[in-house]
Each structure stands twice: as C-alpha cells, then as structure tokens.
Amino acid sequence: MSRSRKDNLMTYQIVERLLTPNKFSRPKLPIRTMKGIVIHWVANPMTSAKNNRDFFESRKGGLKSYGSAHEIIDLDGSVYVCIPKNEIAYHVGSNLPYTTGVTQIYTSLTWDKLNTNSSRHTKPYPNNCTYGIETTHLDRDGRMTDATYDTLVERCADLCKEFKLNPMTDIYLHQEVVGWKDCHRWFVNHPLEWIKFKQKVQEISNEDEPMTKVEKEEFDKLKSIVEKQTSIITALHKTIKELQDKDIMKEVPDWSRQAVEAAERARLIDTPANGSYDFYRLLTILWRRGII
Ligand SMILES: [Zn+2]
C-alpha cells in the first residue's frame, strides 16, 4: 500500500449517486446472504466513474439491456455508490457455457460456493449473493491508477469485514464466476498480481491485530511456496501441451485411465483423448507419485 491508513479509518472518499429504481439496472430485489465480492473492469479506458454510473442510469429506458454494479471506483480513487448493499445489481448473470466444449453455465466454483438454491441441480444465480465492484482503468490492458488500486484494496478489506468474508477465498473476478469473460482483464492476465492483491486485502483486514514475527515468517514461507508452485504449474501446463500436440493417440489407454481422470478433476487437462504416449505416461507418473 502506498497510502497508509491510521486507526483503521478508510482513506477513500465515498460519493453516493444511487441509480433511479428501474427494471434494467436497479430492480430493488433483495440480496439473500452476501457470499462474495466480484471485481470487474469497466472495459472502457479513461472513462470516469460518473460516466459509467450515468451509463447504468441510461439503461432505465430499456434500450441497452440489463447491467449494473453496486459501485464504481474512479480514476482518482473515490468510490461511486450506485446500488445499496442490500439490493441486487446485475453484474454476474450468465446464459453461456463457462468454456468451449461444455454445456455447464457458470464455473464449478460458482456452483459450489455462490449458489443459494436449495437444489444442487438448479442453476446458480450469483447476482443474488454477491457485491459487484467496477474499476475504472487507464488502458486496454486494464491497468489501474495507483489511487484506484489502493482504494480497491482498502474497500475490499472494509467490505470483507462488514460481510464477514474471507479475503483469500471470497473475492472473485467476474471471469472466475462465469468462466467465459476476461473481466477484470488486468488480473485475468496477471494471475500472480491477483493473488498479491488478495494478500494485500488480507493484510489490511488484519491491521487490527498485526501479525506476530512467527506468523509473518509463516506467511512469507507460504507466499514463496505459492509462487514456486505457480511456476511449476505453468511449466507443467507447457510440457503437457507440447506432449499433447505430439504423437496423438485417439483413445485414452487403459493403463492411464485413472491418472487421466485425476488430471481432469484437478483441471490440468480438459480433453482426455488425443494425447500422445508420452503425455499419458507423464500423467500416470504424476498420479502414481500422488502429485495429481
Ligand atoms: Zn465484469
């Protein structure tokens, strides 16, 4: 954090500009229980929070379909609140399969964690249990100003505390909820930055009780393990891809079937057939050693 906050008081400014209640962007439907915070980018470089808030407002005419968020963080770091916390915003609805080649709508993470339906077979509706934050940004990569980023960290920490959410597991990218959308693009393309972001939120959340020296050492150890694992997984993905492209076998060989199933469960691969001999051999070795 480049900004420091004292006595746990927020350093960002809140500007309340609630949308006029309307069917398309502020339907006044209640949030059930708040299960997560979802981070978005406005996908329109250098536009202000006010511009984007006014766009949500203009949807009330019904000509621009549905869409909104609870708040938008401006280029200068101020927070434009558009929808009260106890009402639904239309920010994570989806009718499309989460990735190519599947029929499931919403990612498995959403089915597991953002589902308020009593039946496990009914499609989740994450709009009714999540808080949506849009961020403004500088360019098409989604790079944010320091002020926007710092507010996003602080704001998420404050909201996690208020909603009793865990910063490491209950803050989602729009992409992680629906699967198919590259939103927030900066974090989608920089997964380590996304982990670091959540760690910063966690640090601020724990400000009341600063970490002891031992806890800090444990935390740093864990962080370096996560970083190492990320690079191992990235290398593994690359190797698997190379092997998959080589000496294709039309069907999964019997001796590799259990390993392939384990790799699918771990989401290391999405197409089990058409791998090479070496590919199945590597998966089997990884599986026998208990790595997947
Ligand atoms: Zn989004």
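Start with the largest pocket, which holds about 1,800 Å³ of space. A pocket here is an open set of points on a 1 Å grid over the protein atoms alone, where a 1.4 Å probe fits, with protein on both sides within 12 Å along at least five of seven lines; lining residues have an atom within 4 Å of a point. Grid points are joined across faces, edges and corners, and the volume is the space filled by probe spheres set on the points.

Before you click further: this is a predicted model, where local features need pLDDT of at least 70, side-chain atom pairs count only at pLDDT 80 or more, and totals for chains, interfaces and linings use all residues. Residues are numbered from 1 along each chain as its sequence is written, and side-chain values use heavy atoms, with hydrogens and water left out.

**Stop 1: the largest pocket.** Select Gln 175, Glu 176, His 237, Ala 266 and Arg 267, which lie nearest the centre among the 40 lining residues. Now colour the elements that give two or more residues to this lining: α2 (108–113), β6 (171–173), α4 (174–178), α5 (185–189), α6 (191–205) and α7 (213–245). (Helices are DSSP runs of H or I, at least four residues; strands are runs of E, at least two; both are numbered from the N terminus.) α7 gives the largest share, eight residues. Colour by domain too: domain 1 (14–208) and domain 2 (213–288) each put at least three residues into the lining, with bounds from an automatic or database domain assignment. By class, you'll find 22 nonpolar, 12 polar and six charged residues; Ala, Val, Leu, Ile, Met, Phe, Trp, Tyr, Cys and Pro count as nonpolar, Asp, Glu, Lys and Arg as charged, and the others, Gly among them, as polar.

**Stop 2: the second largest pocket.** Its volume is about 530 Å³. Pick Arg 59, Gly 67, Glu 134, His 174 and Lys 181, the closest to its centre of 25 lining residues. β2 (36–41) and α1 (49–58) each supply at least two residues, and α1 has the largest share with four. The lining divides into 10 nonpolar, 11 polar and four charged residues.

**Stop 3: the largest nonpolar core.** Show Ile 37 and Phe 197, which have the most contacts inside this 30-residue core. Such a core is a set of buried Ala, Val, Leu, Ile, Met, Phe, Trp, Tyr and Cys residues joined through side-chain atoms within 4.5 Å. Buried means under 20% relative accessible area, exposed over 50%, and partly exposed in between (1.4 Å probe, protein chains only). α3 (146–163) is among the elements supplying at least two core residues, and α3 has the largest share, eight.

Stop 4: Zoom in on the cis peptide bond from Cys 183 to His 184, with omega near -10°; His 184 sits in the loop between α4 and α5. Finish with Asn 274, between α8 (257–265) and β8 (275–276), where phi is near 65°. Asn 274 is partly exposed, at 42%.

**Zooming out.** The chain has nine helices and eight strands, and 44% of its 292 residues count as buried.
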